[in-house]
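Colleague: I have a model open and a few things to ask about it. Can you take me through them?

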Amino acid sequence: IASFPAIGTVLLPKLTCLLTDERYGLPGHADSNWQQLVDAGFMARGITFPAVLAPDMTLPDTASQYATAVAAAFQSADSIIGQLGIGGDGHIAGILPRSVALNEDSLVVSDDAGAHQRITMTPRALRQMTAAYAFAYGPTKLQTLQYLRQELPVSEQPAQLLKQLTEAHVFSDHIDPTNTTTGGGTL
């Protein structure tokens, strides 16, 4: 930031960061995506970062409150850039295979599936992204990436949603011998 004073003085106050998915619980719980970012050293100084979790709120109320924050951020944005992980089961954000999020019209839903209760952006929200950067690291993701090259129903592999976005890039630590790019590819 010191090298680019305009970023700190002009752009950062206009920057909003949103979690595409959060695991429900009390703020700061060990499985919280936000808490994991904080523990890894991410600091949101100078930018807007709406909290997902709040004490004493039910899962549906938490999702509703976050949906309001996401809608406001999207409405005021010039660009929406997503950084997403791809799970070994092909999930993206908190949208698991056969998730209720796949059939919702809202921007954010709560889902009580899988190992965690989640608050997640929906396909409708992901489709509003100007660009998405998806990451699939580790040997358990290789099969998932191979399936991503096929045409599968989104209900079976939600990562197929990346193909519906205006711009999507996938990064992996595995080199696909059938692809001439290394480290990343564009869908």
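Modeller: A definition to start with: buried means under 20% relative accessible area, exposed means over 50%, and partly exposed is in between, with a 1.4 Å probe and protein chains only. This is a predicted model, in which local features need pLDDT of at least 70, side-chain atom pairs count only at pLDDT 80 or more, and totals for chains, interfaces and linings use all residues. Residues are numbered from 1 along each chain as its sequence is written, and side-chain values use heavy atoms, with hydrogens and water left out.

Colleague: Fine. Is F49 buried or exposed?

Modeller: F49 counts as buried because its relative accessibility is 19%.

Colleague: How many aromatic pairs does the structure hold?

Modeller: There are six aromatic pairs. Rings of Phe, Tyr and Trp (its six-membered ring) pair if their centres lie within 6.5 Å; planes under 30 degrees apart count as stacked, over 60 as edge-to-face and the rest as tilted. One of the pairs is W34 with F49, which is tilted, at 4.3 Å centre to centre and 55 degrees between the planes.

Colleague: Where do W34 and F49 lie?

Modeller: W34 is in helix α2 (residues 33-39) and F49 is in the loop between α2 and α3 (59-76), so the pair ties together parts that are 15 residues apart in sequence. Helices (H or I, at least four residues) and strands (E, at least two) are DSSP runs, numbered from the N terminus. W34 is partly exposed, with a relative accessible area of 28%.

Colleague: And F135 with F171, why is that pair stacked?

Modeller: The ring centres of F135 and F171 are 5.3 Å apart and the planes are at 20 degrees, so the pair counts as stacked. F135 belongs to strand β5 (residues 131-136) and F171 to strand β6 (residues 168-172), so this pair ties together parts 36 residues apart in sequence. F135 is partly exposed at 26% relative accessibility, and F171 is partly exposed at 27%. Ring pairs also link F135 and F171 with Y133 and Y137 into a cluster.

Colleague: Changing topic: which strands pair with β4?

Modeller: β1 (residues 21-23) is joined to β4 by three bridges and runs antiparallel to it. β3 also pairs with β4 in the antiparallel sense, over four bridges. Two strands pair if DSSP finds at least two bridges between them.

Colleague: Which residue stands opposite E22?

Modeller: E22 stands opposite I119 in β4. I119 is also the bridge partner of S110.

Colleague: What is in the turn between β3 and β4?

Modeller: The two strands form a hairpin with six residues between them, and G114 in the turn has a positive phi of about 75 degrees.

Colleague: Are the faces of β4 buried or exposed?

Modeller: Both faces of β4 (residues 118-121) are covered: R118 and T120 are buried on one side, and I119 and M121 are buried on the other.

Colleague: What does T20 touch?

Modeller: Leaving aside neighbours within four places in sequence, T20 is in contact (heavy atoms within 4.5 Å) with L84, A93, I119, T120, M121 and M129. T20 is in the loop between α1 (5-11) and β1, and counts as buried because its relative accessibility is 13%. T20 and L126 are 106 residues apart in sequence and 8.5 Å apart in space, C-alpha to C-alpha.

Colleague: You mentioned A93. What is its phi?

Modeller: A93 has a positive phi of about 55 degrees although it is not a glycine. A93 is in the loop between β2 and β3, and is buried, with a relative accessible area of 7%. D56 has a positive phi too, of about 65 degrees, and is not a glycine either. D56 lies in the loop between α2 and α3 and counts as exposed, at 79% relative accessibility.

Colleague: Where is H91 found?

Modeller: H91 is in the loop between β2 (81-85) and β3 (108-111), and is buried, at 18% relative accessible area. The H91 side chain makes a polar contact with the side chain of D89, at 2.6 Å. A polar contact is a pair of N or O atoms within 3.5 Å; within protein, one must be able to donate a hydrogen and the other to accept it, and residues adjacent in sequence count only if both atoms are side-chain atoms.
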